[in-house]
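Biologist: I would like to learn how to read the features of a model like this one. Can we go through them one by one?

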Amino acid sequence: RAFMTIPLTFHPSTSLAAAPSLTGTSTLPSFASQDDYLAYLTQHGTLPLGFAIGDAMGTFIAEEAPSMGKLPIKVSVVHLTHGPTESWAACFTKNKFPGAPIIVGRERLASGAGIQAL
């Protein structure tokens with residue numbers, strides 16, 4: 001299994017706002033090119049030990065509407081590189097018609113099983 005960090009969509013000449021820090025709000029610089037943006041991420045972006053992230057594009061055919069043909073889907077994964085953990089929590093929607101990921105997540109949490117990826 002290979003996981004790698006892939007940045008989000010890049011928009012030239014756009015300032016990106018960073019999350020608020022404990023001491024206040026910080027702002028990322030503007031980037032003149034995608035290379036500048038990627039260099040900044042490589043230098044400043046780190047994940048906690050034991051985590052890897054990745055994303056991929058694909059297609060699927062909706063079971064409810066196969067006549068729509070192949071539809072695009074983007075998947076992002078947070079992978080625990082040191083193996084499964086039983087220490088996890090989740091927050092689920094109260095929607096009366098939850099999607100499959102919510103149903104599976106609720107079942108997984110209720111079973112007490114560990115997880116290795118989100």
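Biologist: Is K74 buried, partly exposed or exposed, and why?

Modeller: Buried means under 20% relative accessible area, exposed over 50%, and partly exposed in between (1.4 Å probe, protein chains only). K74 has a relative accessible area of 45%, so K74 is partly exposed. This is a predicted model: local features need pLDDT of at least 70, side-chain atom pairs count only at pLDDT 80 or more, and totals for chains, interfaces and linings use all residues. Residues are numbered from 1 along each chain as its sequence is written, and side-chain values use heavy atoms, with hydrogens and water left out.

Biologist: Which side chain meets that of K74 in a salt bridge?

Modeller: A salt bridge is a side-chain nitrogen of Lys or Arg within 4 Å of a carboxyl oxygen of Asp or Glu. Here D55 is the partner, at 3.7 Å, N to O. The pair links distant parts of the chain: K74 sits in strand β2 (residues 70–80) and D55 in strand β1, 19 residues apart. The whole structure holds one salt bridge.

Biologist: How many helices and strands are there?

Modeller: Helices (H or I, at least four residues) and strands (E, at least two) are DSSP runs, numbered from the N terminus. This protein has two helices and two strands. Their order from the N terminus is α-β-β-α.

Biologist: What share of the residues is buried?

Modeller: Of the 118 residues in the protein, 13% are buried.

Biologist: Where does F60 lie, and why is it called partly exposed?

Modeller: F60 belongs to strand β1 (residues 51–61). Its relative accessibility is 36%, so F60 counts as partly exposed.

Biologist: And L109?

Modeller: L109 is part of helix α2 (residues 100–111). L109 is partly exposed because its relative accessible area is 36%.

Biologist: Which residues line the second largest pocket?

Modeller: On a 1 Å grid over the protein atoms alone, a pocket is an open set of points where a 1.4 Å probe fits, with protein on both sides within 12 Å along at least five of seven lines; lining residues have an atom within 4 Å of a point. The lining includes W88, A90, F92, R108 and L118.
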